[in-house]
Amino acid sequence: MFLDIYQVFEKTITETYPSALILIENRSGTTYRNGKFLVSKGRDLRTLSGKLHERNLKLMITLDLPQLLTEYGGPQNLSLKSLENILRRQMVLRGKTKGIHLWGKKRGSNGRFVSHAGDLNTYFEDLDKKQLFLNWLAEFLDDGIDRYFVPEINSKEEDLWSIVSDMESVNIRFKNT
């Protein structure tokens, strides 16, 4: 039903703005009253990607990686093998992914995680998981397609630069647009 409605929207927008780029992002976690997110799990993303391809729609995905991992309990609650399996299954999204949304998390004074704060060290709390994630991300992005990097860091500038540095450490390159 969403894609039926969206298809009308896309047709209308692209008639006036033929070069418009329209993106949808996955979401997990807290829902608003009576809300349910349509695209949360990796399976949802893969189904959406397939349907977009089938209908030849221009809609692209901004892949919110922390939200995706939240849907599975977060990296702290995943084994290295489970994390690898979740990430591997998302490789089919490459062709329909135009943006990567990335942010850190860190534990607050109460021990609970604070979103959009910290870097990948405080988010993963495990160097092997962080390295697995970065290696997967480098492979995911190594297909010649330019994508938008959408960071969301509300803590300190050093956290953003730490994430950028981690990405550069696995040969992810940025270019100015």
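Predicted model: local features only at pLDDT ≥ 70, side-chain atom pairs only at ≥ 80, totals over all residues.

Tutor: Start with Arg107, which counts as partly exposed at 43% relative accessibility.

Now follow the side chain of Arg107. One of its polar atoms lies 2.9 Å from the backbone oxygen of Gly111. The side chain of Arg107 also makes a polar contact with the side chain of Glu125, at 2.7 Å. Along the chain, Arg107 and Glu125 are 18 residues apart. Their C-alpha atoms are separated by 10.0 Å. Setting aside neighbours within four places in sequence, Arg107 is in contact with Gln76, Arg112, Phe113 and Glu125.

Move across to Glu125. It sits in the loop between H5 and H6. Its relative accessibility is 43%, so Glu125 counts as partly exposed. Look at its backbone too. Phi of Glu125 is near 55 degrees, a positive value in a residue that is not glycine.

His116 gives another case of positive phi. Its phi is near 65 degrees, and His116 is not a glycine either. Find His116 in the loop between E5 and helix H5, where H5 spans 120–124. Is His116 buried or exposed? Its relative accessible area is 17%. The cut-off for buried is under 20%, so His116 is buried.

Next, step to the loop between H3 and H4, where Pro75 has its place. Pro75 has 1% relative accessibility, so it counts as buried. Leaving out residues up to four places away in sequence, Pro75 touches Leu69, Tyr123, Phe124 and Lys129. Lys129 is 54 residues from Pro75 along the chain, yet their C-alpha atoms are separated by 7.5 Å.

Ser79 is in the loop between H3 and H4 as well, and helix H4 covers 80–89. Ser79 has a relative accessible area of 37%, so it is partly exposed. Ser79 and Lys129 are 50 residues apart along the chain, with their C-alpha atoms separated by 8.5 Å.

Not counting residues up to four places away in sequence, Phe133 touches Leu65, Leu87, Leu102, Leu120 and Phe124. Where does this lead? In soluble globular proteins, nonpolar side chains tend to be buried together.

Thr97 is the next stop, in strand E3. Its relative accessible area is 0%, so Thr97 is buried. The side chain of Thr97 reaches the backbone oxygen of Leu93 at 2.8 Å. Beyond residues up to four places away in sequence, Thr97 touches Met60, Ile61, Leu63, Phe140 and Arg147.

Arg147 takes us to the largest pocket. Together with Asp146, Arg173, Phe174 and Lys175, it lies nearest the centre of that pocket. The lining has 22 residues. They divide into eleven nonpolar, four polar and seven charged. Which elements supply at least two lining residues each? They include strand E3 (97–102), helix H6 (127–141) and strand E6 (148–151). The space in this pocket is about 650 Å³.

Last, look at the second largest pocket, which holds about 270 Å³ of space. It is lined by 15 residues, and Gly29, Thr70, Trp103, Lys105 and Ser115 are the closest to its centre. Two of the lining residues are nonpolar, eleven are polar and two are charged. Helix H3 (65–71) and strand E5 (113–115) each supply at least two of the lining residues.

To end, return to the starting point.

Methods:
Residues numbered from 1 in each chain as written. Heavy atoms only, no water. 1 Å grid on protein atoms, 1.4 Å probe; cavity = no way out; pocket = protein on both sides within 12 Å on 5 of 7 lines; lining within 4 Å. Points joined across faces, edges and corners; volume = space filled by probe spheres on them. Helix = DSSP H or I, 4+ residues; strand = E, 2+ residues; numbered from the N terminus. Nonpolar A, V, L, I, M, F, W, Y, C, P; charged D, E, K, R; others polar. Contact = heavy atoms within 4.5 Å. Buried < 20%, exposed > 50% of the residue type's maximum accessible area, 1.4 Å probe, protein only. Polar contact = N/O pair within 3.5 Å; in protein donor to acceptor, adjacent residues only side chain to side chain.
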